[in-house]
Structure formats: structure tokens, C-alpha cells
Amino acid sequence: MRLVDLVQHRLDAFLDDRSSIVTSVGSDVAALIDDSRSFLSGGKRFRAQFCHWGWRAVAGVRDTPVTQRELDTVVGVASGLELFHAAALVHDDVIDNSDTRRGRPAAHAGFAARHAERRWAGDAVSFGASAAILLGDLLLGWSDELVDEALWALGDHGRARAARQVFNTMRTDVTAGQYLDVLEESAWVERDEQQLLDAAERVVVFKSAKYSVEAPLAIGAAIGGASEAQLATLSEFGLPLGIAFQLRDDVLGVFGDAAVTGKPSGDDLREGKRTMLVALTRMKVAPSVRRAIDELLGDPELTTEQVLMLQGAMRDSGALDQIEELIEREVRRANAALDEASLAPEAVAALRQLTRRVTDRAA
């Protein structure tokens with residue numbers, strides 16, 4: 001069975017188990033389970049795959065054989081990472097007031113629609129945001145439960161503790177990175193151009209790059225009993241690839257096809273994301289264009305014409321080309337880290353293939 005199928009099976013089994021606990025509170029709470037199932041079905045499972053191949057990269061070259069217990073632990077922890085990712089997306093959509101996710105209503109939008117359809121008292125939007133925050137909290141707690149269950153079953157306290165420490169650091173990094181992202185949408189007014197670019201790069205590293213690629217790799221490797229040298233190699237591969245991954249996301253957030261990405265074209269512009277693409281554009285354009293960008297960025301009612309104007313500024317200034325060059329540079333750095341690596345050849349080949357998939361994509 002493929003890893004993505006094993007992860008989906010593990011998530012389904014976990015939700016089945018937790019369903020009785022949730023529904024014992026009352027049938028009207030079942031929406032939390034239903035929405036969790038919907039949110040956790042499908043997806044690219046990149047974090048789960050990096051966790052798996054981080055483990056295989058190490059386990060494939062050690063003296064002791066791989067056990068079924070170890071594989072079960074990896075699948076469980078990879079599933080926990082997917083739960084954590086789902087929680088982050090639910091909260092992120094509330095923070096950004098983004099109404100769609102993967103072509104479907106975001107969690108808060110779905111709860112708000114349920115409120116409106118049934119004509120409940122109070123404000124539907126406020127109810128939707130509150131319910132989604134609670135759903136995200138529930139998913140976050142469940143991710144901890146699933147990771148702990150899987151690591152306990154490993155039967156190796158040292159490896160389990162090492163993997164858990166990486167997971168804990170990852171949670172802190174991504175929360176701090178998310179705060180930086182929110183902060184820059186407001187505090188940009190007091191930054192100079194270089195400070196804006198530096199801040200945008202920190203958001204890329206801590207909100208996304210570490211938790212999307214570097215940490216899942218390290219967690220899987222820790223389960224496999226990685227040496228310090230192997231962990232260093234995987235970090236040298238994972239961090240630049242994570243940066244390239246997020247830069248590609250930033251480009252798609254502005255230029256992506258809505259039919260493919262599942263989000264409206266130019267959605268990041270309406271949300272006011274102060275990405276490296278925006279920072280580079282502001283550094284390169286005339287003051288009058290910079291003022292227009294600052295006036296339009298973050299307006300949820302941006303028209304198609306205004307989105308096209310902002311896209312044109314990013315192209316014409318050369319900022320888009322510079323981001324594409326940065327993506328290529330980070331991919332080269334990542335691939336170079338795997339040259340002569342003391343990792344399993346099969347895993348190295350899989351990681352190179354994943355490198356192409358996460359950086360050369362349309363969604």
C-alpha cells in the first residue's frame with residue numbers, strides 16, 4: 001500500500017476512534033467530526049512524504065533491519081503531521097479571512113453558511129470564525145495525541161524523544177512565523193525597504209520552510225536513529241527546499257489559476273500578504289507605483305483590473321523573474337546537499353523527485 005493510502009487509513013481510523021468521544025457530548029457536535037473528515041481527505045501529503053523519506057534515508061543504510069513497528073510509527077507520526085497541517089490551515093484561513101480552501105469553502109465559511117441557512121441568532125460570520133478556531137484547536141490537540149501514540153509504540157525512548165523534540169520545536173517555529181506574518185501586514189509602515197525584505201524572508205523560513213520540509217525530514221530521520229551528520233545533511237537539503245516551496249506558493253498566490261489552486265486568482269493580494277515578491281516589487285518600482293501598491297494591497301474588494309495592475313507591476317519590475325531565480329538557486333542548493341550524502345540511494349532519488357514536485361507545480 002502507498003504511503004498516502006496508509007496515512008489516509010490511519011487518519012480515518014483515528015477519527016473513527018475519536019468520533020465516539022465527540023458525539024457522546026451530543027449529536028449537534030458531530031459537525032466537528034464531519035468537517036475534520038472533509039478537511040483531512042485528499043491533499044498532497046508533502047509533509048507526510050518528507051517524514052517517510054527522512055526515515056527511509058537513514059534506516060536504509062544502518063546495520064539493523066527495519067521493523068513493522070518502526071513503519072507503523074512513521075505512518076502514525078506522518079499522520080500526526082497532517083493533522084497539525086490541517087489545524088494550521090483552519091486557523092490560517094480565519095486569520096486571512098480566506099473563504100476557500102482547495103476549491104471548497106474554508107472551515108469558517110462552512111460554519112457561517114450553516115448558521116445562515118438555519119437562521120440562528122447572532123452574526124453568522126462571527127459564529128463561523130469561533131467554530132473554526134475551535135475546530136483548529138481540536139485538530140491541533142489530536143495531532144499531539146496521534147504523534148504521542150505512535151512514538152510510544154516505537155519502543156525506543158531515545159529515538160522517540162529526539163523525534164518529539166523536533167516536533168515541539170516545529171510547533172513553536174510555525175506559530176512564531178505565523179505571528180511574524182500577521183505583524184508585517186500591519187507593521188510594514190515603519191520598515192524601510194531592506195527591513196521589509198528581511199522580514200518577508202523570516203516569514204518564509206519560520207512559517208513555512210522549516211515546518212513544510214526541514215522538520216518532517218528530521219522527525220522521520222530521528223525515528224530511524226539518524227546520526228548528527230545525517231541530520232545536518234537533511235537540514236542542508238530541507239531548509240533551502242522549504243524556502244523554494246514557499247516562494248512557489250507565493251507566486252501561485254498572486255498568479256495561480258483559480259481552477260487549479262482552488263483559491264481566487266490574486267488572493268494573496270486581497271489578503272495583504274507582505275511576501276518577498278511584494279517586497280522586491282516595492283524596491284524596484286517608482287515611488288508613485290509603490291504608493292499605488294500600498295493603497296491596493298490588502299483590499300478585499302480588489303477588482304480584476306486592480307489585480308492585473310499589481311501583477312503587471314511585479315512582472316515589469318523584474319521582481320517575479322528574481323523570485324523565479326531565487327527558487328532555482330534554492331533548488332540547486334538543496335540538490336547539492338544530497339550529492340555524496342551518507343543516505344540510502346533509494347531515498348535520495350525519491351527526495352530529488354519530491355524536489356521537482358514541490359517547486360514545479362501549479363497548485
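**Salt bridges in a predicted model**

Lys207 and Asp181 are both buried, where buried means under 20% relative accessible area, exposed over 50%, and partly exposed in between, with a 1.4 Å probe and protein chains only. This is a predicted model, so local features need pLDDT of at least 70, side-chain atom pairs count only at pLDDT 80 or more, and totals for chains, interfaces and linings use all residues. Residues are numbered from 1 along each chain as its sequence is written, and side-chain values use heavy atoms, with hydrogens and water left out.

Back to the pair. Lys207 and Asp181 form a salt bridge, 2.7 Å from N to O. That term means a side-chain nitrogen of Lys or Arg within 4 Å of a carboxyl oxygen of Asp or Glu. Lys207 sits in helix H8 (residues 193-223) and Asp181 in helix H7 (residues 157-187), 26 residues apart. Helices are DSSP runs of H or I, at least four residues, and strands are runs of E, at least two, numbered from the N terminus.

Next, Asp249 and Arg361. Their side chains meet in a salt bridge at 3.1 Å, N to O. Asp249 lies in helix H9 (residues 228-255), Arg361 in the segment after helix H16 (345-359), and 112 residues separate them. Asp249 is partly exposed at 32%. Arg361 is buried at 13%.

Last pair: Asp17 and Arg18. Their closest N and O atoms are 2.2 Å apart, in a salt bridge. Asp17 is partly exposed at 43%; Arg18 is buried at 8%.

How many salt bridges are there by this rule? The count is 32.
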